[in-house]
Amino acid sequence: MSVLSSKFPALTMGKISPEKIRDLMLGVIMPMVGLVFFLIFWQVGAQNIKTSLGTFPGPKEVLAQWSNLVDEHKTERKREADFYTHQTTRNAEALAQDPAAEIKVRKFSRHPTFFDKIKTSLITVLCGFFLASIIAIPMGIFIGLNQSLYRAFNPIIQIFKPISPLAWLPLVTLAVSSAYQSESPLFAKSFIISVITVMLCSLWPTMINTAVGVAGVSKDLINVSRVLRLSWFTHVRKIVLPSSIPMMFTGLRLSLGIAWMVLIAAEMLAQNPGLGKFVWDEFQNGSSDSLGRICVAVLTIGIIGFMLDRTLLAVQSWANWDKSAIVR
Amino acid sequence: MSQLHLELSSVGIDFPTPKGPFSALHDVNLKIMQGEFVSLIGHSGCGKSTVLNIVAGLYQATLGGVILNGREVNEPGPERAVVFQNHSLLPWLTAYQNVELGVKPVFKGKKTKAEMREWIEHNLELVHMTHALHKRPDELSGGMKQRVGIARALAMQPEVLLMDEPFGALDALTRAHLQDSLMEIQNTLGNTVIMITHDVDEAVLLSDRIVMMTNGPAATVGEILDVKLARPRNRLALADDTEYNGYRGAVLRFLYEKQKKVEPITVKRTEKPAEQFAVENTSITESKQVA
Ligand SMILES: Nc1ncnc2c1ncn2[C@@H]1O[C@H](COP(=O)(O)OP(=O)(O)OP(=O)(O)O)[C@@H](O)[C@H]1O
Ligand SMILES: [Mg+2]
């Protein structure tokens, strides 16, 4: 304490209480310590792993690859901007020479950069998750409200729940290929396949948890609803939904976590131009940089997964009636 | 009292349990007049809540039935409102919204929006809750929650008010205050009231009649006591009143002599001498006798 207070005069002025310091320790310093240990472990460990593509990349190499990817993104964007300025000046010149000249406006064929791929992945996972949720929540409510329905559906859900995305993919691919044939498709086939696979795998936790939450509405509240003679719709809206929100969000968060994991696998196989494909392409590419770039992708996947979960948590505390409830 | 309002006619109910049907009530008969205040009193677990739930339409009687205004009722209806034992407010709605939830289905199409609001506020005013209209149950004290529960029931403008130990969980002062409010409200509105209570003083103070129930299983009406104290009643004036204390004594005698609660005896024959077993056994049969 005396060392601390000599270093930080604010402490002696009584502005920062010992509890604050403890919070600071636990909240900021301990995570930092963990991170530093991880980096050291990584650096040392990496040097001892020799692969066919050279030694395993340590934190420094990965950081270098990250800035490479950022640079690539910038150059690509610049190329695009240059292409369009070039095109407009050329067209303007052509018109100046001959007003009747035929002008061509072509689109820049964009080569997706790392960041474009992140965006594709996010869009794909959110589409799949959204589709899954709008199916799973109403289904969960119906199943939860009716004991017989619950009994009828439970075995089906339990069987479908553990199916790996890799098992779904061939089926989904074949089904989509035969069903989705159009000359100028609105969506790429690989996108549809990835979305459907994500959906199929992320339906179940939301459905089960919603059903359990709905079935667990307190008997007292159900009696209130009956005595007040609420209509079915009001009953669901005012009694069932608010009391099952915590369970529903538990399910949604599980589902989103699964959706994100499944997406990477689905993209690898379906060749949807997202992070999964990025990892796969780098793996096939096999240059000396590949391992570092894969590591960047792996960390990105982790961080995005974490942020997705936090976002949903924020939505939960917004949707939950009990603002004092601790959600984690 | 004027006219027959509500009748329980040889009501019996069996609950299905893993060990076979459990007969909670048997042959309960009760006639309640328009505007009458009836208390149900009896030991814990004897079946008071079950009686109330049958009248509310939440449970179905296995035998017999409930007749309201000459018609049998089997499900909840707008003419019967319930105040639950544990207030049962919806925790995500404010006091106002909780009352509104009960008001809406009853007055849909009969009152305009403004009238509806006025009516809700009026009912919350009856229970002196206007200062906390927009607070949620977790911001209210136990007594306040109970008052909102009563306002919600009153706002449905019921003919019959069913209350399951409405003041059971409250401290003595709050309870006395709410009892006075209830007497006042019932005096002006003239509802028929059935109230469950554990409190002998509360029963005597509020009721026109006290229905004393025997111990379960197969509980039924033991005695009915007419309380002929003049209204309005004042708790202070009645404290030393001999008539009041006479009623009080009658209820106490029923509960603690005639229906003395005997814990179920599990006699291990090897451990206990035979005579003691015989003695305990007779005490059970005695306690079962209905006065
Ligand atoms: N749904 C049910 N299933 C099985 N048994 C039940 C059910 N509800 C009540 N019982 C039984 O019926 C009996 C009467 O219960 P009830 O709740 O009516 O008692 P009570 O008089 O209201 O008690 P208390 O004063 O403690 O509230 C009890 O023995 C109880 O175990
Ligand atoms: Mg009870």
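Buried area is the accessible area that two parts lose on being put together, summed over both. I keep that in mind for these entries, which concern a predicted model.

**Entry: the interface**

I looked up how much area chain A and chain B bury between them. The value is about 1800 Å², and 70% of it lies on carbon and sulfur atoms.

I then asked which helices of chain A each supply at least two residues of the side that touches chain B. They are helix H9, residues 219-227, and helix H10, residues 232-270. H9(A) gives the most to that side, with 6 residues.

**Entry: contacts across the interface**

I listed the residues in contact: chain A brings 17 and chain B brings 22. How many salt bridges are there between chain A and chain B? I found a count of 0. For residue pairs in polar contact, both at pLDDT 80 or more, the count between the two chains is 5.

I picked out Met25(A), which sits in helix H3, residues 18-47 of chain A. Its relative accessible area is 38%, so Met25(A) is partly exposed. Patches take residues with over 30% relative accessible area, and Met25(A), at 38%, passes that cut-off.

Note on methods:
Residues are numbered from 1 along each chain as its sequence is written. Chains are lettered from A and ligands numbered from 1 in the order in which they are written. This is a predicted model: local features need pLDDT of at least 70, side-chain atom pairs count only at pLDDT 80 or more; totals for chains, interfaces and linings use all residues. Side-chain values use heavy atoms; hydrogens and water are left out. Helices (H or I, at least four residues) and strands (E, at least two) are DSSP runs, numbered from the N terminus. Buried means under 20% relative accessible area, exposed over 50%, partly exposed in between (1.4 Å probe, protein chains only). Contact means heavy atoms within 4.5 Å. Buried area is the accessible area (1.4 Å probe) that two parts lose on being put together, summed over both. A salt bridge is a side-chain nitrogen of Lys or Arg within 4 Å of a carboxyl oxygen of Asp or Glu. A polar contact is a pair of N or O atoms within 3.5 Å; within protein, one must be able to donate a hydrogen and the other to accept it, and residues adjacent in sequence count only if both atoms are side-chain atoms.
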